[in-house]
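The structure is shown first, and the points follow by topic.

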Amino acid sequence: MSPAGPAYTPGMASLRPADRLLDAATRLFTLHGIRAVGIDQVIAAAGVAKSSLYQAFGSKEALVVAYLERQDAADRAAYRAAVTGVRGGVERVLTSFDLAISGAARRSYRGCLYLNAATEFPEADHPVAEAVEAHRAWVRARWSEALGAPDPELVARIQVLYDGGIAGVKCARSTAPIVLARAMAAELLAAHTPENASR
């Protein structure tokens with residue numbers, strides 16, 4: 001068995017080929033990066049015919065976009081669940097940092113999958129880059145909403161702290177950088193939104 005988990009087991013037969021491909025792609029892309037994983041590796045790990053990939057997605061590029069969109073949907077759902085009952089805008093923003101902290105070890109300190117994908121696909125008009133930006137725009141919109149549409153520069157500064165903290169997690173193989181980034185974000189938010197700081 002590889003570090004990514006079993007390539008294929010009989011129990012997987014109940015999953016649609018598209019789901020098996022997405023599951024395999026998620027394991028392999030997370031462990032090794034996107035460009036380093038050949039499409040034949042994904043097909044073998046999923047235990048499907050090569051034709052299944054093209055019938056379900058059409059190309060590796062489309063599979064990558066589907067992988068990012070699936071994770072985006074999961075992250076949105078996790079954030080919505082985490083902020084349920086959280087009233088203060090500052091606390092809602094800091095919830096993003098808390099989720100990153102709790103997820104760091106679970107993801108074996110591999111950093112942010114969106115930033116990793118953006119590094120591998122730097123062209124702004126590439127479908128993968130567009131999927132990454134769609135997620136990041138949603139995050140910024142939630143922060144702006146939580147803070148009552150603040151100065152866009154404040155949200156941009158929070159984004160820099162968040163990105164830096166997550167990138168640091170990957171290099172340090174520790175949650176210390178994102179924990180520090182959270183503390184810095186809390187200080188920044190307290191200074192700019194004092195009415196929310198004690199909620």
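**Annotated region and ring contacts**

Over residues 38–57 the chain is 75% helix and 0% strand, with the end C-alpha atoms 15 Å apart. The model is predicted. An unreviewed UniProt entry places the feature "DNA-binding region" at residues 38–57.

**Aromatic pairs**

- The structure holds five aromatic pairs.
- In one of them, the ring centres of phenylalanine 97 and tyrosine 162 are 5.2 Å apart and the planes stand at 85°, so this pair is edge-to-face.
- That pair links distant parts of the chain: phenylalanine 97 is in helix H5 (residues 89–106) and tyrosine 162 in helix H8 (residues 152–172), 65 residues apart.
- Tryptophan 143 and tyrosine 162 also form an edge-to-face pair, because their planes are at 80°, with ring centres 5.6 Å apart.
- Tryptophan 143 lies in helix H7 (residues 127–146) and tyrosine 162 in helix H8, so the pair ties together parts 19 residues apart in sequence.
- Ring pairs link Phe97, Trp143 and Tyr162 into a cluster.

**Burial of the cluster**

- Phenylalanine 97 and tyrosine 162 are both buried.
- Tyrosine 162 has 17% relative accessibility and so counts as buried, the cut-off being under 20%.
- Tryptophan 143 is buried, at 0% relative accessibility.

**Charge over a ring**

- Arginine 35 lies over the face of phenylalanine 121, at 4.0 Å from the ring centre.

**Cysteines**

- The structure holds zero disulfides.
- Cysteine 112 is buried, with a relative accessible area of 13%.
- Cysteine 171 has a relative accessible area of 72% and is exposed, because exposed means over 50%.

Note on methods: Residues are numbered from 1 along each chain as its sequence is written. This is a predicted model: local features need pLDDT of at least 70, side-chain atom pairs count only at pLDDT 80 or more; totals for chains, interfaces and linings use all residues. Side-chain values use heavy atoms; hydrogens and water are left out. A disulfide is a pair of cysteine sulfur atoms within 2.5 Å. Buried means under 20% relative accessible area, exposed over 50%, partly exposed in between (1.4 Å probe, protein chains only). UniProt positions are given in the numbering used here, feature names are shortened, and annotations may be inferred rather than shown by experiment. Helices (H or I, at least four residues) and strands (E, at least two) are DSSP runs, numbered from the N terminus. Rings of Phe, Tyr and Trp (its six-membered ring) pair if their centres lie within 6.5 Å; planes under 30 degrees apart count as stacked, over 60 as edge-to-face and the rest as tilted. A charge sits over a ring if NZ of Lys or CZ of Arg is within 6 Å of the ring centre and within 35 degrees of the ring normal.
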